[in-house]
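Hi,

Here is the structure I promised to pass on. Have a look at it first, and my notes follow below.

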Amino acid sequence: MENMKVRLKRIYKTEEKVQEAWDKISAKLEKYQPMEKAGSVLSQEDSILITYGDSIRKDGMPPLKVLKDFLDDYVKDAISNVHLLPMFPYSSDDGFSVVDYRQINPDLGTWENISELASEYGLMFDAVINHISKSSEWFRGYQACEKPYKNYFLTCDPEADYSQVTRPRALPLLTEFDTVEGKKHVWTTFSEDQIDLNFESPDVLAEIIDILIMYAKSGARFLRLDAIGFLWKEPGTTCMHLPETHEIIKLMKDVLSIYAPGTMIITETNVPHKDNISYFGNGSDEADLVYQFPLPPLTMYSILKGNADILSRWMENLELPEGKATFFNFLSSHDGIGMRPTEGLLSAKDREFLVENTLKSGGRVSYKDNGDGTRSPYELNINYQDALSSPDEADEVRIAKFLAAETILLSMQGVPGIYIHSLLGSRNDYYGMTTSDIPRRINREKLDYNNLRMQLDGDTNRSAIFKEFIRRLKIRKLEPSFAPQASQVVLKIDSRILALKRENPDKGTCVYALINVSPDTVSLELAGVKGVNLLDGRQIQEKIRMSPYETVWVKSN
């Protein structure tokens with residue numbers, strides 16, 4: 001408890017406000033009982049499927065029940081955790097403009113459906129706590145100037161200088177709304193329907209902490225803090241990654257360790273690498289997992305160029321802090337492929353290369369406002385399989401590229417996050433994108449379960465990708481060398497090969513992961529590398545010939 005008071009002093013500064021925050025948080029915590037410490041150790045058996053609650057649908061059934069049926073029938077033996085993208089009532093942004101944090105969207109199902117999923121899978125809940133919908137009870141209370149809602153949001157002077165504020169989208173920072181006290185301008189980082197919460201208000205902090213504990217006790221093994229880098233606002237700064245933001249996350253972790261021990265925090269910060277990994281804290285006091293945002297664009301670049309040098313150099317510099325914190329690795333998600341994380345890693349010419357390939361392959365590009373009248377690419381909106389290929393490429397080449405990329409994901413140090421449309425071998429959803437005019441919907445297709453079953457059980461490209469993906473996941477689960485805590489060394493063998501040595505001394509195991517990112521057949525001399533290729537059973541004796549886009553996992557004898 002004393003540690004929590006220290007956090008509050010760093011957040012609120014004045015004794016009066018610190019005491020107010022302490023009183024309000026303590027009042028919320030009275031309904032919970034502290035629990036005995038419980039570890040939640042991540043291993044090679046952990047991977048996380050990323051999905052909307054209604055990515056798979058079936059007439060007459062709640063989508064959350066359909067999802068569980070799909071998981072039980074096809075995925076359970078390979079994937080043990082599921083990230084449920086926002087499953088709450090919402091007004092826009094496909095769930096990320098939450099109307100009520102405490103309710104399940106009735107179009108998806110009920111809390112009972114969530115409980116049924118949690119009984120079989122480790123669940124990740126989205127905590128969309130930077131902002132809330134303008135249709136929420138909280139914001140309606142603000143417009144009515146009612147307590148405590150009057151202080152839940154940031155009322156701003158439209159004439160003030162906001163030029164230093166980091167802008168993720170080319171939209172106005174402030175939005176004008178009517179209130180009973182007249183027109184007011186409020187802070188809206190992402191859209192006029194997503195009103196930023198004011199964490200300078202102890203009422204807001206206390207309410208959010210209460211909600212996080214409720215999530216943890218309702219089945220969340222992981223809590224994903226969405227857009228968390230924007231949380232604290234300070235005039236004259238970028239309003240990104242401020243010390244108060246880090247202290248609030250640490251406070252949340254302190255509270256969870258007492259009232260919901262074992263719950264893990266994952267921070268979502270789509271920013272350059274140095275800023276991103278700052279959310280590790282000291283390795284035990286802040287995020288348990290940090291998104292690996294440079295991985296999607298760098299892997300895309302490597303496959304398109306047929307060269308792994310930049311990806312290898314970046315991986316060489318990855319370093320986990322002491323403690324149990326680790327990376328959350330992913331290649332695709334409900335969002336696009338972020339470009340900001342490539343800053344300092346790819347040149348302007350290289351980034352433009354990715355933009356051009358995205359457009360050629362049917363995708364779109366979203367831009368951010370730089371604050372000086374210019375724009376720069378913020379996100380590539382495209383299905384990841386299509387991002388790696390040209391439209392006229394043969395199916396077998398496209399699939400080989402895609403599986404090579406996804407096996408990079410499975411080979412790396414950390415926990416792999418697998419988007420459902422990658423697992424299912426989906427392609428660009430032009431219908432969803434064009435009918436909504438929402439670029440991100442190119443990778444958010446809704447699938448009919450009956451049709452999906454026919455495709456997965458038949459002789460289709462979708463089936464081929466899915467079955468091989470599942471097979472590799474099952475192999476990975478059995479190998480301690482792929483545990484998050486196992487070491488990772490990047491080997492320099494050939495510019496066309498990403499080569500990793502994964503070793504778990506505690507278990508006495510070692511696996512060499514070699515991925516050919518090129519269209520070339522590559523012959524390698526691997527001094528001292530002897531063992532079995534886990535993917536096909538071949539014995540490897542210091543020499544190997546790799547086909548285009550082939551992967552080998554050599555388990556050392």
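This is a predicted model: local features need pLDDT of at least 70, side-chain atom pairs count only at pLDDT 80 or more; totals for chains, interfaces and linings use all residues.

A quick word on naming before anything else: helices (H or I, at least four residues) and strands (E, at least two) are DSSP runs, numbered from the N terminus.

Residues are numbered from 1 along each chain as its sequence is written, and side-chain values use heavy atoms, with hydrogens and water left out.

Back to Pro-297. Its relative accessible area is 0%, so it counts as buried (under 20%; exposed is over 50% and partly exposed lies in between, with a 1.4 Å probe and protein chains only). Leaving aside residues up to four places away in sequence, Pro-297 touches Ile-337, Gly-338, Thr-342 and Leu-354 (contact means heavy atoms within 4.5 Å). Gly-236 is 61 residues from Pro-297 along the chain, and their C-alpha atoms are separated by 32 Å.

Ser-47 is another one to click on. You'll find Ser-47 in the loop between helix H2 (15-29) and strand E1 (48-51). Ser-47 is buried too, at a relative accessible area of 2%. Among the residues that Ser-47 touches, not counting those up to four places away in sequence, are Ala-78, Asn-81, Pro-416 and Leu-473. From Ser-47 to Val-75, 28 residues apart along the chain, the C-alpha atoms are separated by 11 Å.

Next, the sheet. 6 strands form an open sheet in the order E19-E20-E21-E24-E22-E23, with antiparallel pairing (two strands pair if DSSP finds at least two bridges between them). At the edges are strand E19 (487-491) and strand E23 (539-546), each pairing on one side only. E19 and strand E20 (residues 497-504) run antiparallel and are joined by 5 bridges. Val-489 stands opposite Lys-501 in E20.

Finally, which residues of H1 and H2 make the contact between them? On the H1 side they are Met-4, Lys-5, Leu-8, Lys-9 and Tyr-12, and on the H2 side Glu-15, Lys-17, Val-18, Ala-21, Trp-22, Ile-25 and Leu-29.

Cheers
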